[in-house]
Protein chains: 2
Amino acid sequence: MAGSTLATGRRTLTRLLAPLLCLALAACASAPLRGTGDLGVVIERASGSVQIVDNSHEQALARVQGLGDLSHASVVFSRDARYAYVFGRDGAISKVDLLTARLVKRVEQASNSIGGAISSDGRVIAAQNYSPGGVKLFDADSLALLASVPAAAGPNGQPSRVVGLADLPGKRFAYALFDADEIDVLDASTPTAPKVQRFQHIGKQPYDGLASGDGRYFIAGLYGEDGLALFDSWHSDAGVRRILAGYGRGRQALPVYKMPHLRGWSIAGDYAFLPAIGQHEVLVADNRSWAQVATVPVLGQPVFVMAEPGGRRVWVNFAFPDNDKVQVIDVPTRQVIKTLQPGRAILHMEFTPRGDAVWLSSRDDNKLVVIDTATLSQRRTLPALEPSGIFFTWRASRMGM
Amino acid sequence: MAGSTLATGRRTLTRLLAPLLCLALAACASAPLRGTGDLGVVIERASGSVQIVDNSHEQALARVQGLGDLSHASVVFSRDARYAYVFGRDGAISKVDLLTARLVKRVEQASNSIGGAISSDGRVIAAQNYSPGGVKLFDADSLALLASVPAAAGPNGQPSRVVGLADLPGKRFAYALFDADEIDVLDASTPTAPKVQRFQHIGKQPYDGLASGDGRYFIAGLYGEDGLALFDSWHSDAGVRRILAGYGRGRQALPVYKMPHLRGWSIAGDYAFLPAIGQHEVLVADNRSWAQVATVPVLGQPVFVMAEPGGRRVWVNFAFPDNDKVQVIDVPTRQVIKTLQPGRAILHMEFTPRGDAVWLSSRDDNKLVVIDTATLSQRRTLPALEPSGIFFTWRASRMGM
């Protein structure tokens, strides 16, 4: 009798316990304890999804769907490197939990947006918008709107499109106004009442911007003329000055197949390496005087010009029809030392934290390619759905990313 | 009957289930899911413990004990920012899990050690030892010994004490030999068979070293003479050259109360800020020519000279009897703009990832002090047991840390 009860009890126990334990294990299994310093996000542009990847083990961990139009998407990370904020072309900000692989929040904040940034203390997310043009500030935790800052109007009377948004130290952001030829610096110390300092007539049609790795300089590339516009935040009274003016003057510009991108990772050693618009060359500027010191001929129109974390080499990808190739420039000699052909439509590159590898996205081959930077040989490929941007969490602790 | 069996079953179930559920909850409670990008470790030197802290919420999370002699301890982090490797003075390496707050591995690898580093790919831990002098390499995961590299002998015939160990790109480490006047560069590409390149007669008694933020330069401070020794890893054929020679020549050196420390974070803007040994001043060198361009008078003998992540200001703490004070130098004007008195025996400083705050350890007041870098005012204090070094996980993705 007692035996029978016990046996029944055991069966009951097993029947009830099994799913509970499964649930407990599933909770653990779906969100294992792990550090977040070597995670990353890969944009899958056509499917509105992101892959979460691990750059130590070079593997995909999960796919998160439902992020909308990611045809021109960028990503920043929370201060604790747990969450990715994905800025979609459709104006939405999606907050993705890298540990649980869940879309935890999503805000539709504009109808056309080009990216965003996170403040130096990690508390404020800023979005740069095309339509309506301006910058919006959000609480990084809740994504509640904190402030809406319209941009100055362009010739058509509408608020300008905003480009090149980058975080600076002291909870500030710098950005450029494509339609109004301005660089603005926004102080988000009081994020519900931000202060904006405007610098006008900085050059025609700034199309993107970069902050230097220490957040001192902000540089806007100009689409409407040769040259770039430089703002030194340590000497803001001096305003914005023109640098590298006339780099293409006297030569016929080629049709531009894809706008190049600027970001802070293009500064290597004592030089800034910058894509020349419409030319098959990379411009090299001294990063003190900002005078042009050289051009490096490359095989096509550069899109991303990115220095390895050690600054010893600079990697370049290209616009159509050369977008199946990547070139590697040796910084001391300023020579191309290698041309790689890693896949069709190489759209982006991302280095591991201290540069032992670089990940490339090959949109048309639906793959990611991991290259060993010591040997320049391919280490691994991973499947991905039309991948574009690749973003690793080391960005969380850097400025201008 | 059926009811009775069920009731017994339920009781059995509850009796067995309760501790299981508690266990499951405890596992979750003791190791919550969280990002690791804003964590840190504080050395509690007298008690052989570390505190795990959260620099976003400015709070202590846990204490881990049993780490041995931490009277001169340093810390590096795993690539995923989950584990801290604590190098104790007693020659032990302790691997601490920041998520579970557990000491997961401990290796006694020398009888007297002064710190360590982690390779650029995160796979190899290197320890720099005083006794026996040399460098040992360990697998970052298991802490299994991979290689033991004895240092060249000093005048007493024993292997030299090793100082200044720093990681360089390409799985290399640079370090200096205090007793043998050497700088060595170790290539750990094959960590069981490392290759060492030796540079001899680099100057008398190198006492510490730093790598620049991009891992290009390694600089050793010299205790036996005025000046520092510079190695440019991009031009290793050129060997090591002397810089800032004679900065104190012709003046009487003061007794040295505490050896200063060098680390890569002292490079701000276009300049390196370095502690002068035995002098009440900070040396300023141009980081291209490495010529001395200025000295900044300070109130005592500098120990740590650390640039804010934005490079706009440099913070300095001091040897006894001025170790209750901290001075802040404005980089463009090279003037001390503030003297703080945050507590007794300020032993270390650590900036948050993008520099919105700095944490100070006050050993004799058993506290940590968090200062807002925008206002230079105190934001919070936290209790700690005779704290010394403070190390945040953003170091995981940086070189020369």
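Analyst: A residue counts as buried when its relative accessible area is under 20%, as exposed when it is over 50%, and as partly exposed in between. The model discussed here is predicted.

User: Where does B:Gly122 lie, and is B:Gly122 buried or exposed?

Analyst: B:Gly122 sits in the loop of chain B between strand S8 (112-118) and strand S9. Its relative accessibility is 13%, so B:Gly122 counts as buried.

User: Which residues does B:Gly122 touch, leaving out those up to four places away in sequence?

Analyst: The contacts of B:Gly122 are A:Arg354, B:Arg79 and B:Ala140. B:Ala140 is 18 residues away from B:Gly122 along the chain, and the two C-alpha atoms are separated by 7.1 Å.

User: How is the size of an interface given, and how much area do chain A and chain B bury between them?

Analyst: The size of an interface is often given as the accessible area lost when the parts come together. For chain A and chain B the buried area is about 5,100 Å², with 57% of it on carbon and sulfur atoms. In chain A, the residues that lose the most area to chain B are A:Arg79, A:Arg288 and A:Arg354, which together make up 19% of what that side buries.

User: How many residues does each chain bring to the contact?

Analyst: Chain A brings 55 residues and chain B brings 55 residues.

User: How many salt bridges cross the interface, and how many residue pairs are in polar contact?

Analyst: A salt bridge is counted when a side-chain nitrogen of Lys or Arg comes within 4 Å of a carboxyl oxygen of Asp or Glu. By that rule, 8 salt bridges cross the interface of chain A and chain B. One of them joins the side chains of A:Arg79 and B:Asp356, at 3.2 Å from N to O. Between the two chains, 27 residue pairs are in polar contact. On the side of chain A that touches chain B, helix H1 (residues 2-30) gives the most, with 7 residues. The residues of that side are 20 nonpolar, 19 polar and 16 charged.

User: Which residues does a cis peptide bond join, and where are the prolines found?

Analyst: In chain B, B:Ser131 and B:Pro132 are joined by a cis peptide bond with omega about -5°. B:Pro132 is in the loop between strand S9 (124-131) and strand S10 (133-139) of chain B. Another cis peptide bond joins B:Phe320 and B:Pro321, with omega about 5°. B:Pro321 is in the loop between strand S25 (313-318) and strand S26 (326-330) of chain B.

User: Which residues have a positive phi without being a glycine?

Analyst: Among them are A:Leu244, with phi about 50°, and B:Glu386, with phi about 40°. A:Leu244 is in the loop between strand S19 (240-243) and strand S20 (267-268) of chain A. B:Glu386 is in the loop between strand S31 (377-383) and strand S32 (387-392) of chain B.

Technical notes:
Residues numbered from 1 in each chain as written. Chains lettered and ligands numbered in written order. Predicted model: local features only at pLDDT ≥ 70, side-chain atom pairs only at ≥ 80, totals over all residues. Heavy atoms only, no water. Contact = heavy atoms within 4.5 Å. Buried area = accessible area lost by both parts, 1.4 Å probe. Polar contact = N/O pair within 3.5 Å; in protein donor to acceptor, adjacent residues only side chain to side chain. Helix = DSSP H or I, 4+ residues; strand = E, 2+ residues; numbered from the N terminus. Nonpolar A, V, L, I, M, F, W, Y, C, P; charged D, E, K, R; others polar. Buried < 20%, exposed > 50% of the residue type's maximum accessible area, 1.4 Å probe, protein only.
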